[in-house]
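Got your viewer open and a selection tool ready? Load the model below and follow along, one stop at a time.

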Amino acid sequence: MSLIKTDLLIKYFKIISLIILFFSNTNTFGAVSSFVGQHNWDEDEQRNPTGVLFNPDGTKMYITGITQNQIYMYNLTTPYTVTTATYASKTCDLEGENDALAFRFNSNGTAIFVLDTKATETIDKYSLTTPYDISTCSFVAGSPQDFDGGLEMRSFAFSNDGQKIFIFDADGNSSKHSIKQYSLSSPFDLSNPILTTDYIGHNGDLNSIEQFSQGLEFSSDGSKMFITGNKEDTILAFSLSIPFDLTATVTYDGEHIVDEVHSLGGITFSSDGSKMIVTDFNNADANRGVYQYDLTCGFGVVKCIDPTANKDDVASIETQSESAKKLIQHTTYPVINRMQWLRRNNSRGNLTNQNIKFQFNNEILNSLSKTLLPVYLSNYNSSNTDNENSSWSLWSEGTISVGRIGDTSVSSSKNINTSAITLGADKRGKDNIMRGIALRFGSDDVDVGDLGSALNMSTFGLTFYETKPKGEERFTDHLLGLSFINSDLINNSGSTSTNGERSGEQIYGSFSLRDTLSKNNLNFTPKIKIDYGVTHFAEYTETGATGLNLKFKDQYIGNFITSVGANIDKKFDLKNNTFLPYFDFNYSADMSPSTKQKFSYSSSGDKYTLDNINNATHSVHTGIGFDLITDSGFNLMTKYTRDQITGGSYNDNFVIAGDYRASYNSSYALSVHETSTEVSFKSKHNNLNFDVTSNLDFFAEDPEYGIYLKLYTLH
């Protein structure tokens, strides 16, 4: 009995010990993975290292210190791995400098800024004739900046754009430590700094730093700030609600103690934050050098960066959901425009209103385009209105959409550019019912924030549609379709970026009821419309930055939008033409269910969820345009629309399309082949065929172009 009690007591103490150990290590060890190793050097190189930096690809390491009056360069065979460093026998000799605690490069490596603390503390500038080659450095006369004097500068850092500088002012009294933020008139120009704020910490977190603290560093995206001390060898971590801005909310994350280091000095990270490198400026030979640690997630000294608190990360996730919903609108608009056009021009025998030729490298698409959408018109303008014997009519519509969604308190702004071409074919059947099929090829380019994050989405959609009369002037329009999506994503975090590729599928539909009231060629058409659909995005994992790569789970996005509105058009019969201007107005209520995205760090497995993506919105859609139909064979349709959405976002669309058939025996065509355009003219006279074709690859850096002439006979 006593043995059982003893075992239970031992188990109890083990559990309590584990709980205590877990909570005691929550802030002490944070997300640090392991000590990797260190690089030590001889006394002739650098006795008291205080500052450490790398070039952008991590193949060169630079060290400075308080006794050698030089910056030393080392070559690394493995990027950001200090155990592979070898002395490159290159130095930058500092003029009059001593006790050089810290240094920084500008954004392109053509200048070095050095913190001189020997007498009057200043930051001095050196220019480099060869970027990141410190042996080419030269002192810039008149450059020293003391920031009005009186500071005990221990370290400094720039924002990524060089418009801000942050100075760690350790006044010699630990109760007066602060981080001073200055704005600069131009990038990396210290001639006229303006003090923005003097951050002294909250709840005494800066006061806990030792008297002779040395290091200041930010994460690559500016969302985290780190300060090092030397007495207790601690690293303090802070989260910034706005990157590189201490005037906003700054949260103290906690601290991490570096056991292997005796006198903690400078601190820096690999570009993706997966490696942390610190200096030990202890003068003992066994300790002098740099120490490397692997982190379980980027910049996770205490805890990982929370992607749901990063405005660019949130905006990137929102963009995918928003683009999926917009895709349904952009896919259905051309088909709806076509059905409206058909009813505006239902007295025409030939309902072909475009003439565009397309070629594809993909044989399946080529077969579809030749089978469903013949390259050239097989009929010409005719007065034939025999509904049952009506032939297939071809149409096409090109769209360009430009829009912007402003930033919010949690999400960055988005600039949206969409371009697409829709090819269609339809036929009038019994009872004046029009049925057709449409193919859409689209591209959405969305720039997110200011750092370079982006979404490039390519889509292919197949839509079946039908417009059916319900009396003289009442019609029902409905369509059903399927889209395939492929997205390339870039998530930039300042000095590094991650990349992802994501596939998706979408099913969508639309149903509308229109009732036209006519008088004196003026038509007023009130309408009710319902759009619906569901999008599935597959899971994917980012690549490119080990410590920052995220893994995203599958996501389902529902779409349900109701709208009411009206069309007004009036027909003008001119001498040889028909001119038909029109105006659209729609109010839409987006009642789609909100969606959520689950994701985690691929390195550490830390999990996050972004909820309530794309809450319901309201929008107003307006459009104005005209149809021009001529007896000479030239037809033109153009339309400008704007979608104004609650919250200040909008989308502008411009559509223009036309065709021309000079006669039964000749035609003109526009061809698009990948990045090339082709314009061709074909004419047949008896048995002689005459073809002229011109092409231009307008996206190439060195554009290719040509003109071809072909004469041939058919027997």
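Start by selecting tryptophan 395 and tyrosine 465, both of which are buried (buried is under 20% relative accessible area, exposed is over 50% and partly exposed is in between, with a 1.4 Å probe and protein chains only). Their ring centres are 6.3 Å apart with the planes at 75°, so this pair is edge-to-face. The rule for rings of Phe, Tyr and Trp (its six-membered ring) is centres within 6.5 Å, with planes under 30 degrees apart called stacked, over 60 edge-to-face and the rest tilted. Tryptophan 395 belongs to strand S22 (residues 393-405) and tyrosine 465 to strand S25, so the pair ties together parts 70 residues apart in sequence. Strands (E, at least two residues) and helices (H or I, at least four) are DSSP runs numbered from the N terminus.

Before moving on, some housekeeping. This is a predicted model, where local features need pLDDT of at least 70 and side-chain atom pairs count only at pLDDT 80 or more, while totals for chains, interfaces and linings use all residues. Residues are numbered from 1 along each chain as its sequence is written, and side-chain values use heavy atoms, leaving out hydrogens and water.

Stay with S25 and jump to serine 453, which is found in that strand (residues 453-469). Serine 453 is buried, at 2% relative accessible area. Show polar contacts (N or O atoms within 3.5 Å, one able to donate a hydrogen and the other to accept it within protein, and residues adjacent in sequence counted only if both atoms are side-chain atoms). The serine 453 side chain has a 3.5 Å polar contact with the side chain of asparagine 491, and it reaches the backbone nitrogen of asparagine 492 at 2.9 Å. Beyond its neighbours within four places in sequence, serine 453 is in contact (heavy atoms within 4.5 Å) with residues including Asp312, Val446 and Ile490.

You'll find aspartate 253 in strand S17 (residues 250-257). Which residue's side chain does aspartate 253 join in a polar contact of 2.7 Å? Select lysine 224 to see the partner.

Then select Tyr540, Phe552, Phe599, Tyr601 and Tyr608, which make up one aromatic cluster.

Head for the largest nonpolar core, with 44 residues; Phe226, Ile235, Phe269, Met276, Val278 and Val301 touch the most other members. Such a core is a set of buried Ala, Val, Leu, Ile, Met, Phe, Trp, Tyr and Cys residues joined through side-chain atoms within 4.5 Å. Helix H2 (residues 311-344) supplies the largest share of it, 5 residues.

Last stop: strand S4 (residues 70-76). With 5 of its 7 residues buried, S4 is largely enclosed by the rest of the structure. S4 runs antiparallel to S3 (residues 60-65) through 5 bridges, and antiparallel to S5 (residues 85-93) through 7; strands pair if DSSP finds at least two bridges between them. Pick isoleucine 63 to find its bridge partner in S4, tyrosine 72, then leucine 76, which stands opposite alanine 85 in S5. In the S3–S4 hairpin, with 4 residues between the strands, asparagine 69 takes a positive phi near 60°.
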